[in-house]
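Biologist: I am new to this structure. Please show me how to read it, feature by feature.

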Amino acid sequence: MRIDVVTIFPAYLDALRLSLVGRAIESGVLALGVHDLRGWTTDRHHTVDDAPLGGGAGMVMRPDVWGRALEDVLALGIDHCVREGAGEGRTVLAIPTPSGVPLDQRRVEDLAAADHLVIACGRYEGIDARVAEHYAGRVEVLEYSIGDYVLNGGEAAALVLVEAVARLLPGVVGNPESLAEESHGAAGLLEYPVYTRPARWRGHDVPEVLLSGHHANIARWRRDRALERTARRRPDMVAALTADQLEPGDRGALARLGLAATPAGPRPLHVRPALSSDAAALAELAAETFPLACPPNMPAEDVAAFVAVNLSPERFREYLADDDRYLVLVAELGGILAGYTLAVLPRAADEPPHAPDVAAVVSARPVAELSKIYVRATAHGSGISQALMDATLAALSGRTVQGRPLAAVWLGTNARNRRARAFYARSGWEHAGSRRFTVGGRVEDDAVYVRPLVESGS
Ligand code: 6GU
């Protein structure tokens, strides 16, 4: 590749002879020319600018000087392409300006594939607009900005572009793997934090997992840190993540960051206690989600009858009014209810759980029942269930019955609901046995799961 920079301060670009870019030049993968724009002036004072037409502050760079400079410099690219056997070659005229398109890694990757890059550094108020317009008919023209702030001229932005492009040229970065994992790579995430020896420095320890030698745990830890960092520092990047960029385990990590992986990308998820004003929306959500958790061959009338009796707005109002007995949490996504949980607390501390197999497994009391954890079908797989369950368990950990903290939670889920069972098993619930019950005259089997609660806030 050949890069030519045209500037009124050629010495500004001396830094490019150092380090990595310097080595790329020495090794021959990059040819770099730096040219003084004043070489193409024709007057005694080597004037490159003039007053803005239409009035206003500052000075504008003259198109005639730039035109002569660019004719000569573009010709250098043609010679280069012929020598390299690149045929016509691909030429890009890059013009740094705070009013340009933002330079990002995708654009840098694209520019690194060009044969000839010419960077025209403006000073003052910029270059007469006809220069970009004229050359756009002959080569690719890119007016780019390196960020939302103003520099006095394009030279620093030219340094930035040359360094970003040069490190992508073949053989310049020693270990190409470091290109694959870095921030702004294909992962769409910022890079995880890195550490080296000593393992303890000024009282700060390196995270233990990194010393464990357990590669899968290290990879998960790094991925979680990358997601966390990106969510905090670049919410725009997290929101733009697509389903194919998410790995197994990412949905749980996003949920812990308060984000649900929706088809449109990760979105803020708000989990909160339900209010009496949520009753109607809860009933509507329950009517939609309850049938999905029922056994496939259960008669629709039985399902409908259950919903009408147990999941009506009136019933939800009763649940919400009795907060010694019921805990209802809702998950809101973009202002819409996406899921809810309903937990039932015992009235008395020594009340036995309403499933015999639970009593056999946990002897401690009191025990609560996680009666429902329902998420809208369109949000399945988004991590909302995980977020709701975490919040419910956290809320129950803080609850007491007759002054005694809850010792455990149990739940029953239809034995044939594989999706639900896999979810509970994955999130730390222990299979404790089964429970038989009758719905509309049919005998159904529930798988029963238990989770001990650790006392919080002590
Ligand atoms: Cl590319 N040029 C100038 N002059 N100022 C800038 C810039 C470029 N990017 C941000 N500010």
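Modeller: Start with a pair of strands. Strand β17 (residues 408-414) runs antiparallel to strand β19 (residues 442-452), and seven bridges pair them. Strands here are DSSP runs of E with at least two residues, and helices are runs of H or I with at least four, numbered from the N terminus. Two strands pair if DSSP finds at least two bridges between them. This is a predicted model: local features need pLDDT of at least 70, side-chain atom pairs count only at pLDDT 80 or more, and totals for chains, interfaces and linings use all residues. Residues are numbered from 1 along each chain as its sequence is written, and side-chain values use heavy atoms, with hydrogens and water left out.

Biologist: Which residue in β19 is the bridge partner of Trp-410?

Modeller: Val-450 is that partner. β19 also pairs with strand β18 (residues 430-439), antiparallel, through nine bridges. There, Arg-442 in β19 faces Val-439.

Biologist: How many residues does the hairpin between β10 and β11 pass through?

Modeller: Two residues join β10 to β11 in that hairpin. Strand β10 (residues 259-262) and strand β11 (residues 265-273) are antiparallel, with four bridges. Ala-261 sits opposite Pro-266 in β11. β11 is also joined to strand β12 (residues 326-333), antiparallel, by five bridges. In that pair, Leu-269 is opposite Leu-333 in β12.

Biologist: Now the open sheet. In what order do its five strands stand?

Modeller: Read them across: β2-β1-β6-β5-β7, with parallel pairing. β2 (31-36) and β7 are the edge strands; each has a single partner, so one side of each has no neighbour in the sheet. Neighbouring strands are turned by 25° against each other on average, direction ignored. Such angles use axes, lines fitted to C-alpha atoms (for helices, over the stretch in contact), and run from 0 to 180 degrees between N-to-C directions.

Biologist: How many bridges pair β1 with β2?

Modeller: Six bridges, in the parallel sense, link strand β1 (residues 2-7) to β2. Asp-4 is opposite Gly-33 in β2.

Biologist: Which residues surround the ligand?

Modeller: A residue belongs to the surroundings if one of its heavy atoms lies within 4 Å. Around the ligand we find Pro-96, Thr-97, Pro-98, Tyr-144, Ser-145, Ile-146, Gly-147, Tyr-149, Val-150, Leu-151, Gly-153 and Ala-157. β5 (91-102) and β7 (140-145) each supply at least two residues of this shell. β5 gives the most, three residues.

Biologist: How many residues of the shell are nonpolar, polar and charged?

Modeller: Eight are nonpolar, four polar and none charged. Ala, Val, Leu, Ile, Met, Phe, Trp, Tyr, Cys and Pro count as nonpolar; Asp, Glu, Lys and Arg as charged; the others, Gly among them, as polar.

Biologist: And which polar side-chain atom lies 3.3 Å from a nitrogen atom of the ligand?

Modeller: One of Ser-145. A backbone N or O atom of Ile-146 is 3.0 Å from a ligand nitrogen. For Leu-151, a polar backbone atom is 3.1 Å from a nitrogen of the ligand. The ligand alone exposes 290 Å², and the protein buries 97% of that. These areas use the Shrake-Rupley method with a 1.4 Å probe; for residues, only the protein chains shown count as cover.

Biologist: Last, which domains does the assignment give?

Modeller: Domain bounds come from an automatic or database assignment. Here they are domain 1 (2-174), domain 2 (191-240) and domain 3 (265-452). The centres of domain 2 and domain 3, over C-alpha atoms, are 34 Å apart.

How values were computed:
Polar contact = N/O pair within 3.5 Å; in protein donor to acceptor, adjacent residues only side chain to side chain.
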